[in-house]
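Here is a brief report on one protein chain. Please look over the sequence and the structure before reading on.

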Amino acid sequence: MIYRHFNAPSRGFTQFSHEIIRHPRLSSDAVRLLTWQLSLPQGARESLSRTAERARIGACAFGRAKRQLKEEGFVHERRVQVSGGRWVTQQLVSSTPLTAERAAKLLAREPIASSQVTPSPRNPVVGAPTIDEPVTPPTDGHPEKDREAETSNPPPEVVEESPRLEEARALVGSLPLLSSALRHIPRGMRDELARLAARWLDMGHTSADVHQHILRGLPGAGTPVHRPGGLVRYLLRDVPPRELPSPHVPRSRLSARLEGTRECAGDHTQPMLFRPVDDETLCAVCT
């Protein structure tokens, strides 16, 4: 027999539908990613990838969880071109499954939407919302906050002026030689990846450091990488400080017979070793 003991929290809680927690087609990582997103405070602007990082969901597991949430209608994305010709990604996170048409109408309300839209948990649980509902509040519920230039995958800092940008482009161009999993990086992503790699070079890392970091982040042998460009972008997003090797101070090695001896500070033709009794610096002859 199973017994359960449960104390309802008085604060710091979020109401979830049992349909999310008991969903037959969502993995535990997908449920954790969705419930974490829906539990964020009003006005939070945390991307799905950042949530996965905080929840300790690996890159491959995150990709699978996100794909499941998109297939079930809990997550929708679209690409939007903004000023300067740059493309950004809008994400819509919902507590109930939405059709692609409904999500597109919600995302189209603003030309440049926020990085993510976390609906209020007060949405109806049963049935897909329609655009003609007069009373039910909209599922998106944009928080009142400046949403300009917020993206689910934040664009890298502009480093076109970096003197290492050409070296970074060469670094990215050689990635297919590192592993067969990196052979199909989209050509359109190379400039973005070069800007990310340039940040590593500007922080003192070498091209070999970047290559080793990417190789450590690849999945094990036999595991396919469906979006190699997105994986490399994820791996290069955060630049750790470069660890410099500690200076090595060579120490003189004495034989066991000479351990504990000290060189006399007196005037000798050749170095004179003696074994001090206390803290004396002169041998018995000099004293």
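## Contacts along the chain

Take the contacts between residues at least 6 apart in sequence. Of these, 59% join residues at least 24 apart. The coordinates come from a predicted model.

The protein chain has 287 residues, and 36% of them count as buried. Its secondary structure comes to ten helices and four strands. Along the sequence, the pattern reads α-α-α-α-β-β-α-α-α-α-α-α-β-β.

## Helix α2 against α4

Helix α2 covers residues 28-38. Its axis and that of α4 come within 8 Å and cross at roughly 75 degrees. An angle of 65 to 115 degrees counts as roughly perpendicular, so α2 is roughly perpendicular to α4. On the α2 side, the contact uses Asp29, Ala30, Leu33 and Leu34. On the α4 side, it uses Ala61, Phe62, Ala65, Lys66, Gln68 and Leu69. By class, the contact has seven nonpolar, one polar and two charged residues.

Ala61, in helix α4, is one of the residues in this contact. Is Ala61 buried or exposed? Its relative accessibility is 15%, and buried means under 20%, so Ala61 counts as buried. Ala61 and Ala30 are 31 residues apart in sequence. Their C-alpha atoms are 8.7 Å apart in space.

## Around Thr51 and Trp36

Thr51 sits in helix α3, residues 48-54. Thr51 counts as buried because its relative accessibility is 0%. Beyond its neighbours within four places in sequence, Thr51 is in contact with Leu33, Trp36, Gln37 and Glu46.

Trp36 belongs to helix α2. Which residues does Trp36 touch, not counting those up to four places away in sequence? They are Glu46, Thr51, Arg54 and Ala55. Trp36 and Thr51 are 15 residues apart along the chain, and their C-alpha atoms are separated by 7.2 Å.

Arg56 is not a glycine, yet it has a positive phi of about 60 degrees. Is Arg56 buried or exposed? Exposed means over 50% relative accessible area. Arg56 has 78%, so it counts as exposed.

## Helix α6 against α8

Helix α6 spans residues 165-173 and helix α8 spans residues 190-202. Their axes come within 8 Å and cross at roughly 120 degrees. The two helices are therefore oblique to each other. The crossing is right-handed.

From α6, the contact takes in Leu165, Glu167, Ala168, Arg169, Leu171 and Val172. From α8 come Arg190, Asp191, Leu193, Ala194, Arg195, Ala197, Ala198 and Leu201. The contact of α6 with α8 has nine nonpolar, no polar and five charged residues.

## Helix α9 against α10

The axes of α9 and α10 come within 10 Å. They cross at roughly 120 degrees, and this crossing is right-handed. Val210, His213, Ile214 and Gly217 of α9 meet Leu231, Val232, Leu235 and Leu236 of α10. The contact of α9 with α10 divides into six nonpolar, two polar and no charged residues.

## The nonpolar cores

In soluble globular proteins, nonpolar side chains tend to be buried together. Here, the largest nonpolar core has 22 residues. Which of them touch the most other members? They are Val172, Leu175, Leu182, Leu193, Ile214, Val232 and Leu236. Helices α6, α8, α9 (207-217) and α10 (228-236) each supply at least two residues of this core. The largest share, seven residues, comes from α8.

Leu193 is one of the members that touch the most others. Its contacts, leaving aside neighbours within four places in sequence, are Val172, Ile185, Gly229, Val232, Arg233 and Leu236. A second, separate core holds 21 residues, including Ile20, Leu40, Ala44 and Ala52.

Terms used: Residues are numbered from 1 along each chain as its sequence is written. This is a predicted model: local features need pLDDT of at least 70, side-chain atom pairs count only at pLDDT 80 or more; totals for chains, interfaces and linings use all residues. Side-chain values use heavy atoms; hydrogens and water are left out. Buried means under 20% relative accessible area, exposed over 50%, partly exposed in between (1.4 Å probe, protein chains only). Contact means heavy atoms within 4.5 Å. Axes are lines fitted to C-alpha atoms, for helices over the stretch in contact, and angles run from 0 to 180 degrees between N-to-C directions. Angles under 35 degrees count as roughly parallel, over 145 as roughly antiparallel, 65 to 115 as roughly perpendicular and the rest as oblique. A crossing is left-handed if the near helix is turned anticlockwise from the far one by less than a right angle, and right-handed if clockwise. Ala, Val, Leu, Ile, Met, Phe, Trp, Tyr, Cys and Pro count as nonpolar, Asp, Glu, Lys and Arg as charged, and the others, Gly among them, as polar. A nonpolar core is a set of buried Ala, Val, Leu, Ile, Met, Phe, Trp, Tyr and Cys residues joined through side-chain atoms within 4.5 Å.
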